[in-house]
Amino acid sequence: MTAAPALLRTAAELRALRPDRGRRRGVVMTMGALHEGHAELVRAARAAVGPGGQVVVTVFVNPLQFGAGEDLDRYPRTLDADLAVAAGAGADVVFAPPADEVYPGGEPEVRVTAGPMGGRLEGEHRPGHFDGMLTVVAKLLHLTAPDVAFYGEKDAQQLALITRMVRDLNFPVEVVGVPTVREPDGLALSSRNRYLSRYERNIALALSRALFAARDRLTAETALRVRAAASGAPEGRAAALAKVGESRASADAHALAHASGGPAAALAAARPVLEEARGLDVDYLALVDPRDFTDVPDDFQGEAVLAVAARVGTTRLIDNIRLWFGASA
Ligand SMILES: Nc1ncnc2c1ncn2[C@@H]1O[C@H](COP(=O)(O)OP(=O)(O)OP(=O)(O)O)[C@@H](O)[C@H]1O
Ligand SMILES: CC(C)(CO)[C@@H](O)C(=O)[O-]
Ligand code: BAL
């Protein structure tokens with residue numbers, strides 16, 4: 001049986017439970033309502049610090065990162081179930097402080113500013129969100145003093161901003177990103193999925209389907225290019241192949257002549273999936289450079305993030321995947 005993690009409420013309790021010298025502390029920050037995505041972060045933390053290290057899961061619904069009219073009041077609070085998930089994944093400590101432990105002086109006047117990256121995509125649609133998020137992450141890093149901290153790639157812009165803050169402000173911690181955990185049908189796990197009715201969940205599947213459509217388009221175009229490269233240049237070849245009755249090879253060569261295989265093709269594959277999903281209200285679909293979340297140009301080479309945010313009814317969901325552009329990964 002897995003031992004129940006210690007449930008701590010104060011920074012003093014957390015300080016008293018520091019791991020022995022030479023043992024590492026790994027931290028997973030959450031807003032609770034834990035699911036398998038969170039569990040994966042906890043398992044990654046356990047693997048990184050080893051059996052003798054200490055894994056701390058923080059559970060705190062941070063008012064500072066919610067805008068007016070967002071879901072702060074109805075955000076699910078499920079601490080008993082969270083303790084069970086944390087235990088099952090191998091956490092030693094759950095740190096669930098009350099708001100006045102995190103903000104003893106009330107709303108902080110001095111805050112972390114997210115900078116230009118924090119004004120794009122999520123930041124544009126949730127003004128102030130990233131300042132509030134980084135402020136609490138900075139505080140939780142001070143309170144938990146980890147050697148290593150784990151964040152999900154599901155929140156790709158958040159991960160990029162935390163990485164940037166740690167670098168820009170010299171936090172002595174290693175930041176590790178963990179790949180997105182999905183349901184078998186593709187839906188990214190998210191605490192907010194609990195808001196969805198069955199009908200809405202079906203609509204929400206369009207987010208991951210759009211991302212996968214882009215990935216599949218790039219894969220298909222790469223395969224075409226490899227096939228054509230084995231036998232000469234595409235457009236003239238299409239006509240020549242057609243003449244000798246090689247219709248399939250001719251069609252491939254023709255498709256190749258019109259395939260860009262670049263960012264525009266990825267967006268063109270994803271967009272119709274979102275447009276055709278009735279009941280989905282899209283905030284953005286964007287292909288961005290993971291270093292600063294600016295849109296990539298059409299001659300971009302390297303790894304990009306295809307990110308989407310949309311509302312289904314009153315629920316707002318985000319998702320993203322990484323795509324590679326260029327000769328080889
Ligand atoms: N499906 C997932 N796969 C991997 N990591 C995830 C997943 N969902 C959330 N995380 C990560 O867990 C951490 C805590 O996230 P949070 O508590 O906000 O959960 P969430 O499911 O993203 O909630 P919400 O639905 O409110 O966005 C973050 O680092 C987040 O990126
Ligand atoms: C990092 C975080 C715990 C800060 O409140 C939150 O933004 C989240 O759960 O992703
Ligand atoms: N999962 C990111 C935190 C938020 O949406 O506020």
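This is a predicted model: local features need pLDDT of at least 70, side-chain atom pairs count only at pLDDT 80 or more; totals for chains, interfaces and linings use all residues.
Trainee: What makes a residue of H2 buried, and which ones are?

Mentor: Buried means under 20% relative accessible area. Gly 37, His 38, Ala 39, Leu 41, Val 42, Ala 45, Arg 46 and Val 49 of H2 are buried.

Trainee: Why do residues three or four places apart point the same way?

Mentor: An α-helix has 3.6 residues a turn, so residues at that spacing point the same way.

Trainee: What do the buried residues of H2 pack against?

Mentor: Contact means heavy atoms within 4.5 Å. The buried residues of H2 pack against E2, strand E3 (54-59), helix H3 (79-89), strand E5 (148-152) and strand E6 (174-178).

Trainee: What comes just after H2?

Mentor: Gly 50 does, with a positive phi of about 80°.

Trainee: Now the ligands. Which residues are around ligand 2?

Mentor: The cut-off is a heavy atom within 4 Å. Around ligand 2 are Met 29, Thr 30, Met 31, Asn 62, Gln 65, Met 133, Val 136, Val 137 and Gln 158. The protein buries 89% of the 280 Å² that ligand 2 exposes when taken alone.

Trainee: How do you know that Gln 65 makes a polar contact with ligand 2?

Mentor: A polar contact needs N or O atoms within 3.5 Å. A side-chain N or O atom of Gln 65 is 2.7 Å from an oxygen atom of ligand 2. That value meets the cut-off. Gln 158 also qualifies, with its side chain 2.7 Å from an oxygen atom of ligand 2.

Trainee: Which element gives the most to the shell around ligand 2?

Mentor: H6 does, with three residues. Strand E2 (25-30) and helix H6 (129-144) each supply at least two.

Trainee: How many residues of each class does that shell around ligand 2 have?

Mentor: Five are nonpolar, four are polar and none is charged.

Trainee: And how does the shell around ligand 3 divide?

Mentor: Into one nonpolar, three polar and three charged residues. Among the residues around ligand 3 are Arg 126, Asp 155 and Arg 192. Those three count as charged by type.

Trainee: How do you know that Asp 155 makes a polar contact with ligand 3?

Mentor: A polar side-chain atom of Asp 155 lies 3.1 Å from a nitrogen atom of ligand 3. The cut-off is 3.5 Å, and this pair is within it. The protein covers 85% of the 220 Å² of accessible area that ligand 3 has on its own.

Note on methods
Residues are numbered from 1 along each chain as its sequence is written. Chains are lettered from A and ligands numbered from 1 in the order in which they are written. Side-chain values use heavy atoms; hydrogens and water are left out. A polar contact is a pair of N or O atoms within 3.5 Å; within protein, one must be able to donate a hydrogen and the other to accept it, and residues adjacent in sequence count only if both atoms are side-chain atoms. Accessible areas come from the Shrake-Rupley method with a 1.4 Å probe; for residues, only the protein chains shown count as cover. Helices (H or I, at least four residues) and strands (E, at least two) are DSSP runs, numbered from the N terminus. Buried means under 20% relative accessible area, exposed over 50%, partly exposed in between (1.4 Å probe, protein chains only).
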